[in-house]
Amino acid sequence: MEKYLLHIDGERRASSTGEFFESDNPFEGRPWAQIARGNSDDVDRAVTAAHRAMTSGPWAEMTQSHRGLVLTTIADHLAQNAELLACIEVRDNGKLYSEMLGQCQYLPNWFRYYGGLADKIEGTVVPIDKPGYFAYTQKSPVGVVGIITPWNSPLLLLVWKLAPALAAGCSVVIKPSEYTSASTLEFVRLLEEAGLPAGVVNVVTGFGVEVGSPLVDHPLVRKISFTGSDATGRRIGEQASRQFKHVSLELGGKSPNIVFEDADIESAVNGAVSGIFAATGQTCIAGSRLLVQRSIHDEVVEKVVALARSARMGDPMDSQTQVGPVTTRDQFDKVLHYIDVGREDGATLALGGKAATGGDCGNGWFVEPTIYTGVNNASRLAQEEVFGPVLAVIAFDTEEEAVAIANDSRYGLGAGVWTQNMGRAFRVSAAVHSGTVWVNTYRAVSYMMPFGGFKDSGLGRENGIGAVDDYLETKSVWINTGAPVGNPFVMR
Ligand code: NAD
């Protein structure tokens with residue numbers, strides 16, 4: 001088995017207890033690597049190293065232009081190592097190699113984009129309304145950032161945080177998911193190979209309570225950037241607020257994918273299947289509620305069922321495979337539980353409904369693509385995030401009803417709108433409460449486009465120019481150029 005150590009101050013180190021835990025290969029259903037089991041002492045060592053890197057040495061003294069250059073050099077190095085990273089991702093989380101390779105080839109763009117922004121971070125001279133003053137603002141890095149990531153797209157979701165944090169001049173301690181730690185460790189090794197100074201990015205692997213929570217609590221950490229479930233996000237938000245830390249939270253979703261009768265049906269069917277069965281439904285933006293106008297309901301359901309039924313399950317490394325295993329044993333059990341919940345809710349099973357075994361599925365944690373029709377939007381299946389290949393189909397009659405059902409959710413991350421009527425596309429996009437709306441497409445993301453959630457789907461936006469501001473503090477400087485310092489008891 002492979003062995004992975006912590007990464008602190010540019011060195012691979014055992015955890016302070018010397019303990020390890022195992023990481024599973026979901027296609028083989030057995031462990032493939034041992035990962036160092038970090039704890040609060042290791043968090044302290046990593047945060048201390050990160051703090052040192054921010055206060056003295058090459059990173060602290062680097063000009064913004066130079067920082068940008070380091071980020072673009074990293075981009076080139078990552079591009080050369082995309083295949084290596086994709087292979088580790090597949091081994092750890094079971095997603096398709098074709099998808100993970102595409103993701104890993106796309107990652108360098110974040111470093112190019114934010115590398116280009118690094119020397120455009122600037123304050124402003126404020127034409128202040130009070131005579132005798134010169135007033136300006138200055139931007140400075142917020143401090144040491146704690147990054148906590150989930151297992152479904154470990155590197156992609158890490159890069160969304162890391163690239164803007166580094167562009168801002170911050171240093172970082174990463175706590176990857178205990179299910180998928182290996183790719184992050186390999187990734188950080190590549191960053192340093194490309195010239196990132198030691199101590200700027202550190203990784204402490206381990207469990208949420210043993211590593212994540214001490215990271216949130218550490219007094220030298222000034223910002224927590226988290227992606228994961230809303231339950232953990234709520235806990236982290238409460239914990240961080242006790243020390244008034246900056247927090248951004250990218251959480252779960254129950255995204256509506258709305259198909260109107262004037263849609264291009266073939267595209268909408270492809271979009272519906274891609275929304276929920278690509279990545280085995282394990283994406284925060286999964287289009288897990290398919291809202292279909294009643295006049296085309298049966299036709300759409302029939303086509304979605306036929307396409308999903310034909311999906312090939314199997315080895316995620318095989319280019320012919322379309323649906324891979326569920327990433328973790330716990331998640332596999334959770335998905336099967338929700339399939340039972342759908343049954344208990346009284347929905348009609350139109351496809352799947354059980355684990356897939358034998359054949360190309362080997363010993364992997366596979367669940368058949370599952371479709372329920374006649375789902376009541378108030379039911380648990382429509383309201384709770386399954387995070388797996390389970391689709392809830394809901395019929396509607398009018399545009400107003402579609403919008404009302406779409407918005408009747410505590411989440412608000414993504415939404416799909418399928419229509420050829422542009423007026424309707426604008427109306428529904430404006431009316432749906434979600435951070436992203438895709439019209440006649442689904443699942444598109446880019447380093448340029450802000451991403452984040454309304455309501456319980458989170459706090460803050462990642463990607464786009466504005467994301468750098470989340471890693472900066474603004475200082476206002478007032479210089480008295482000759483104004484008399486008058487009555488001390490009256491504020492001027
Ligand atoms: P999770 O909340 O269980 O874990 C996420 C991370 O938090 C892990 O690293 C975990 O170890 C850590 N953690 C757990 N308890 C902690 C604690 N008390 N203190 C600090 N850290 C702690 O989520 P998951 O199961 O890994 O990921 C799936 C979830 O992530 C889904 O809900 C999904 O929707 C969400 N997600 C959101 C986005 C987005 O951008 N909005 C993207 C991907 C996934």
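Where in the structure is the place of Thr280? In this predicted model, Thr280 sits in the loop that runs between α11 (265–277) and β14 (289–293). Its backbone deserves a look: Thr280 has a positive phi of about 55°, although Thr280 is not a glycine. And is Thr280 buried or exposed? With 3% relative accessibility, Thr280 counts as buried, because the cut-off for that label is under 20%.

Asn463 is found in the loop between β24 (458–459) and β25. Its phi is near 70°, again a positive value in a residue other than glycine. Asn463 is buried, with a relative accessible area of 2%.

Helix α5 can be followed into its contact with α6: the two axes come within 4 Å and cross at roughly 20°. Angles under 35 degrees count as roughly parallel, so α5 is roughly parallel to α6. On the α5 side the contact is made by Cys104, Gln105 and Tyr106, and on the α6 side by Pro108, Asn109 and Trp110. Sorted by class, this contact has four nonpolar, two polar and no charged residues.

Helix α6 (residues 108–117) also has a partner in helix α7 (residues 154–167), and here the axes come within 9 Å, crossing at roughly 20°. That angle makes α6 roughly parallel to α7. The crossing of α6 past α7 is right-handed. Which residues make the contact? From α6 come Trp110, Phe111 and Tyr114, while α7 brings Leu156, Val159, Trp160, Leu162, Ala163, Pro164, Leu166 and Ala167. By class, the contact of α6 with α7 has eleven nonpolar residues, with no polar and no charged ones.

Ring pairs link Tyr106, Trp110, Tyr113, Tyr114, Trp160, Tyr447 and Phe451 into a cluster. For the model, the count comes to 16 aromatic pairs. One of them joins Tyr106 and Tyr447 in a tilted arrangement, 5.8 Å centre to centre and with 50° between the planes. Why does this pair tie together parts that are 341 residues apart in sequence? Tyr106 lies in helix α5 (residues 97–106) and Tyr447 in the loop between β22 (436–439) and β23 (454–455), so the pair spans that separation. The two partners can be told apart by accessibility: Tyr106 counts as partly exposed at 28%, whereas Tyr447 is buried at 15%.

Another pair has an edge-to-face arrangement: Tyr133 and Trp478 lie 5.7 Å centre to centre, with 90° between the planes. This pair links distant parts of the chain as well, with Tyr133 in strand β7 (residues 133–141) and Trp478 in strand β25 (residues 472–480), 345 residues apart. Tyr133 is partly exposed at 23% relative accessibility, and Trp478 is partly exposed too, with a relative accessible area of 46%.

Now for another helix pair. Helix α15 (residues 399–407) and helix α16 (residues 422–431) pack at an angle of about 30°, their axes 10 Å apart. That makes α15 roughly parallel to α16, and their crossing is right-handed. Where they meet, α15 supplies Glu399, Val403 and Asn407, and α16 supplies Arg424, Arg427, Val428 and Ala431. How do these residues divide by class? The contact of α15 with α16 holds three nonpolar residues, one polar residue and three charged ones.

Two more stops complete the walk. In helix α9 (residues 208–217), the buried residues are Val211, Gly212, Pro214, Leu215 and Val216. The elements they pack against are α1 (40–55), β8 (144–148), β9 (171–175), β11 (221–227) and α10 (230–241).

The other stop is Ala182, which is found in helix α8 (residues 182–193). Ala182 is buried, with a relative accessible area of 0%. Leaving aside neighbours within four places in sequence, which residues is Ala182 in contact with? They are Tyr4, Trp32, Ile35, Ile88 and Asp92.

Definitions and conventions:
Residues are numbered from 1 along each chain as its sequence is written. This is a predicted model: local features need pLDDT of at least 70, side-chain atom pairs count only at pLDDT 80 or more; totals for chains, interfaces and linings use all residues. Side-chain values use heavy atoms; hydrogens and water are left out. Buried means under 20% relative accessible area, exposed over 50%, partly exposed in between (1.4 Å probe, protein chains only). Helices (H or I, at least four residues) and strands (E, at least two) are DSSP runs, numbered from the N terminus. Contact means heavy atoms within 4.5 Å. Axes are lines fitted to C-alpha atoms, for helices over the stretch in contact, and angles run from 0 to 180 degrees between N-to-C directions. Angles under 35 degrees count as roughly parallel, over 145 as roughly antiparallel, 65 to 115 as roughly perpendicular and the rest as oblique. A crossing is left-handed if the near helix is turned anticlockwise from the far one by less than a right angle, and right-handed if clockwise. Ala, Val, Leu, Ile, Met, Phe, Trp, Tyr, Cys and Pro count as nonpolar, Asp, Glu, Lys and Arg as charged, and the others, Gly among them, as polar. Rings of Phe, Tyr and Trp (its six-membered ring) pair if their centres lie within 6.5 Å; planes under 30 degrees apart count as stacked, over 60 as edge-to-face and the rest as tilted.
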